[in-house]
Amino acid sequence: MKRHIAIVEDEPALRDNYAAALARHGYLVKTYGNRKLAMQAFGTRLPDLAIIDISLEDEAEGGFDLCRDLRALSAELPIIFLTARDSELDAVSGLRLGADDFLTKDVSLPHLAARVAALFRRIDALRRPDNAGEVVRRGALVIDAEKMQTTWNGSPVVLSLTEFWIVHALARNPGHVKNRQQLMDAANVVLDDNTITSHVKRLRRKFLEVDPAFDAIQTVYGMGYRWLE
Amino acid sequence: MSIRLQLLIVALTTLILPWAGCQYARELETALRVSQERALEASADTIAHALAAEPQRVFRDVADAAPFAQNEGDIYVFPLHGQPLLDGYREDWDVPADPKTLPSEGGHAARLQVGSTERYLFLYLEVDDPHIVAEPLSPHPEDRFDRVNLTVERPGGARETYFFATGAPGLIQAQTVIKGADGIDRAASEPRIQAFWLQTSRGYHLEARVPLSLVGPRLWIQALDSTGGKSGYAPLESAPGGRLFMATPGLDDLLGTFIRPGTRATVVDASGLKLGVAGAVGESESGEEDEAGGTWYRRFVTVDTSAWPLQVISAERINGTGVAAALAGRPAAEWLRTGGGQELVLLAAAPLPVGEQVHGAVVLEQGGDQLLELRDRALTHLFNLTLLATALAVLFAFSVATVISLRIGRLRSAADAAVGNDGSIRLDMPESARADEIGALARGFERLLSRLNEHTQYLRTLGGKLAHELRTPLTIVRSSLDNLESEGVRADQRGYLTRAREGVSRLQSILSALGAAARVEESIKQAERVNFDLRELLRSAVAGYRDAFAAARFELDTPHDACFMHGAPDLIVQLLDKLIENAVDFCPPSGIIAVRLARSGSNYEISVANDGPPIPPEMLERLFESLFEHRQGHDDKPHFGLGLYIVRLIAEFHDGKALAANRADGDGAVFTVILPMI
């Protein structure tokens with residue numbers, strides 16, 4: 001059965017390009033130009049994954065509203081923000097509203113497709129209880145690469161896809177310094193240095209929420225970050 | 001010319017006030033003079049009319065109005081105040097006039113002066129007779145000796161001749177020749193007429209005293225030399241002359257009843273000879289010369305009197321146009337200078353008629369100094385007041401001007417500083433709350449600056465907006481290229497695709513650079529400050545740069561102990577990244593990049609010096625501006641000058657600053673960031 005992807009994007013050319021690329025990867029793609037049309041459709045049937053732009057026609061933050069409404073309809077539905085807006089604030093807002101990833105439009109189509117595939121893989125893995133996938137254990141940290149789940153001292157740490165890949169890249173080789181480019185490559189995103197920095201900052205905060213003594217991600221100034229065991 | 005100077009000059013125009021005051025004072029003085037003239041004229045006229053009613057109290061001989069003729073032997077009799085001693089000297093007469101020279105017929109030079117007290121007539125005669133022949137003890141009519149003849153016309157008209165002769169100097173009596181019964185003339189003493197014969201080196205003096213009761217209207221005196229020479233006048237039957245012009249007894253007292261203190265009244269006869277004098281011209285009793293301050297501006301105010309006639313002082317007569325006019329029948333007044341020209345005297349003369357004829361004049365003299373003092377007092381007041389007013393006006397104008405120029409100066413420096421080197425604009429102007437023109441100017445500046453600021457803001461955000469707006473079409477292009485590639489292109493078409501991708505990727509990096517400044521500003525806003533060791537950060541960062549930029553050689557120089565500071569380490573690293581990137585860009589292969597951390601007062605100084613081309617001096621100031629690019633790097637990466645702008649933003653976030661300079665050897669550049677320790 002073909003996966004059903006909804007793209008909510010007000011720019012028709014872009015919308016069609018995304019749709020064509022994802023369709024080529026075997027997805028069933030439906031596109032919507034604004035929030036109202038999208039919500040009408042979602043009311044009838046939920047997609048398997050939603051890719052949402054933040055500003056939709058005359059609604060500057062219509063994507064955020066749409067995300068909130070979608071999350072109300074389904075707690076599990078994977079949502080990716082794909083937007084020209086690349087500010088830190090937007091990313092934080094989007095992820096806080098329950099989006100699974102936040103991508104800027106600089107992302108290439110193959111990358112986008114990879115992201116989508118990764119998200120579906122996570123969902124599939126979560127649905128398979130008898131999972132024996134690749135698991136990375138680093139002390140208190142357990143990373144299930146198959147389910148894309150992370151736990152610290154047994155407590156789940158809810159990470160966005162980008163964050164997950166960053167932790168994964170760091171924890172796989174503890175003590176090795178990963179520079180920003182390496183982290184970006186691992187996460188399959190094109191970000192500037194600042195965004196990486198803020199991702200790492202947010203990562204630390206998420207771990208600190210679980211364990212106030214968390215100190216495993218070290219900044220190596222001028223080089224990057226490394227995982228300390 | 002500064003506003004202060006201009007207003008000062010304006011204020012100085014109040015000096016017109018004292019000037020106008022001077023003009024006014026002069027006119028006042030002139031008016032006062034005229035009124036004083038009129039008043040004195042009127043007084044003179046009044047006195048003249050009062051005296052005219054009783055001419056016999058004024059003139060000894062009312063009928064005789066013939067003018068004084070000295071060359072015919074007329075004699076002026078000076079009024080004497082006090083009884084002179086008969087001693088042959090006239091110094092005790094106190095008459096400020098020299099004896100008059102007598103005509104001479106082969107005689108010696110002789111001089112005569114006559115004076116009178118209330119009861120006596122005094123005669124004083126000097127004869128320059130080098131060879132005195134004394135009177136023999138028993139004179140014989142034929143005997144020749146030096147003597148002085150005195151002929152007196154008695155009040156009744158009879159004439160009596162006396163002579164003075166002496167064998168020895170000293171007190172003598174006049175002698176008269178009496179024709180004895182035997183027909184022989186004999187000398188007889190006249191004890192009522194006393195004299196003193198004084199012999200001097202030049203000749204002799206004779207001082208004689210004759211009771212007024214013996215003296216009528218005429219008198220002749222003649223010095224006879226032993227050789228027969230004569231000096232003086234001898235009485236002639238028919239000829240006029242020898243008349244005595246003397247003050248009328250009682251006239252002084254009579255005049256005294258008419259005058260006020262400070263005024264001198266004189267009655268002169270038709271020849272101008274004084275008949276009676278009363279009172280004295282008021283001396284300027286201000287012996288205490290006006291205060292030093294009062295004198296200097298007198299010269300600005302005083303009517304110029306230097307051309308006025310000098311009063312001719314004469315003991316026996318009053319001259320001048322005023323008296324002449326009065327004697328011609330017209331009352332007149334004139335101002336005269338006296339006392340060496342320093343003091344002024346007002347002289348008013350009124351004719352003194354007897355019947356139809358003018359027999360004399362009444363002359364009143366009054367000092368002009370009271371007037372001057374009056375005026376000076378008023379003027380001194382006026383002057384002091386106007387000077388005070390001027391000083392106050394100048395002071396006030398000066399302070400107003402100072403305040404104004406201070407305010408303008410404040411506005412000017414604010415306007416100068418309104419646009420900073422970094423293009424930031426301060427909108428608030430001093431003085432803008434004031435209601436006056438300067439306030440309006442300040443508000444004008446504020447409006448101008450706020451418009452400028454809007455424009456600057458627009459320009460500043462233009463890059464970011466542009467980047468944002470261009471991003472969607474760029475994404476369309478790129479995603480279309482992605483799709484095209486996925487759909488499969490022919491091998492011969494792949495080149496175009498690759499080139500299109502390269503172009504897109506360049507466009508993308510330009511756009512991301514354009515938006516970077518805005519993102520940095522935002523991340524700076526969210527930065528959290530912590531305490532960290534700057535030295536440790538620098539060491540670890542430089543270690544990272546050694547890995548990242550293998551081609552360049554890094555040198556690191558830090559203090560020996562930890563350098564703690566409060567700030568955002570991420571941002572500091574970012575700042576270092578930008579400085580190092582910049583240095584690497586311009587550092588030639590195998591060049592050295594020297595990173596140095598040092599303490600400087602309460603600051604840390606991080607400097608990054610690289611070998612390479614120096615920065616043109618005019619660029620140094622602008623290097624840290626947004627999107628300012630000055631030099632060509634080694635690689636093909638687009639440079640938008642954002643790196644150093646970010647350095648500045650981060651330094652300023654830490655209350656520090658960033659500086660650029662060329663190395664002293666001119667073979668490289670040094671970028672220094674100064675960061676406060678706390």
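Predicted model: local features only at pLDDT ≥ 70, side-chain atom pairs only at ≥ 80, totals over all residues.

Start with chain B. It has 678 residues, and 33% of them are buried. Its secondary structure comes to 13 helices and 25 strands. Now look at contacts in chain B between residues at least 6 apart in sequence. Of these, 65% join residues at least 24 apart.

Next, the cores. As a general point, nonpolar side chains in soluble globular proteins tend to be buried together. Here, the largest nonpolar core has 75 residues. Which residues have the most contacts inside it? They are A44(B), L125(B), A349(B), A361(B), V362(B) and V363(B). Strand β5 of chain B, residues 120-127, gives this core its largest share, seven residues.

Take V362(B) as an example. Set aside its neighbours within four places in sequence. V362(B) is then in contact with A44(B), I47(B), A48(B) and L51(B), among others. The list also includes A265(B), V267(B), A349(B), A350(B) and L352(B).

There is a second, separate core, of 52 residues. It includes Y221(A) from chain A, along with Y604(B), I606(B) and L675(B) from chain B.

Back to that first group of partners. A44(B), I47(B), A48(B) and L51(B) are among the buried residues of helix α2 of chain B. Helix α2(B) covers residues 16-52, which is 37 residues. At 1.5 Å a residue, α2(B) should span 54 Å. Its end C-alpha atoms are 53 Å apart, so that agrees.

One loop in chain B deserves a stop. E431(B) sits between α7 (369-418) and α8. E431(B) is not a glycine, yet its phi is positive, about 75 degrees.

Now the contact between the chains. It takes 31 residues from chain B and 23 residues from chain A. The largest share comes from α8(B), with 11 residues. By type, the chain B side divides into 10 nonpolar, 13 polar and eight charged.

On to chain A. It has an open sheet of five strands, in the order β2-β1-β3-β4-β5, with parallel pairing. Which strands stand at the edges? They are β2 (28-32) and β5 (101-104). Each has a single partner strand, so one side of each is left without a neighbour in the sheet. Neighbouring strands are turned by 20 degrees against each other on average, direction ignored.

Strand β4 of chain A, residues 79-83, pairs with β5(A) over four bridges, in the parallel sense. I80(A) has D101(A) in β5(A) as its bridge partner.

Last, helix α3 of chain A, residues 62-73. Its 12 residues should span 16 Å at 1.5 Å each; the end C-alpha atoms are 17 Å apart, which agrees. Its buried residues are G62(A), G63(A), F64(A), L66(A), C67(A) and L70(A).

Between β3 (49-52) and α3 of chain A is a loop that holds E57(A). E57(A) also has a positive phi, near 45 degrees, and is not a glycine. With 13 C-beta neighbours inside 10 Å, E57(A) counts as partly exposed.

That's my tour. Questions, please.

Key
Residues numbered from 1 in each chain as written. Chains lettered and ligands numbered in written order. Helix = DSSP H or I, 4+ residues; strand = E, 2+ residues; numbered from the N terminus. Expected span 1.5 Å × (residues − 1). Buried ≥ 20, exposed ≤ 12 C-beta atoms within 10 Å, placed from the backbone. Contact = placed C-beta atoms within 7 Å. Nonpolar A, V, L, I, M, F, W, Y, C, P; charged D, E, K, R; others polar. Pairing = 2+ DSSP bridges. Axes fitted to C-alpha atoms, helices over the stretch in contact; angles between N-to-C directions. Core = buried A, V, L, I, M, F, W, Y, C linked by C-beta atoms within 7 Å.
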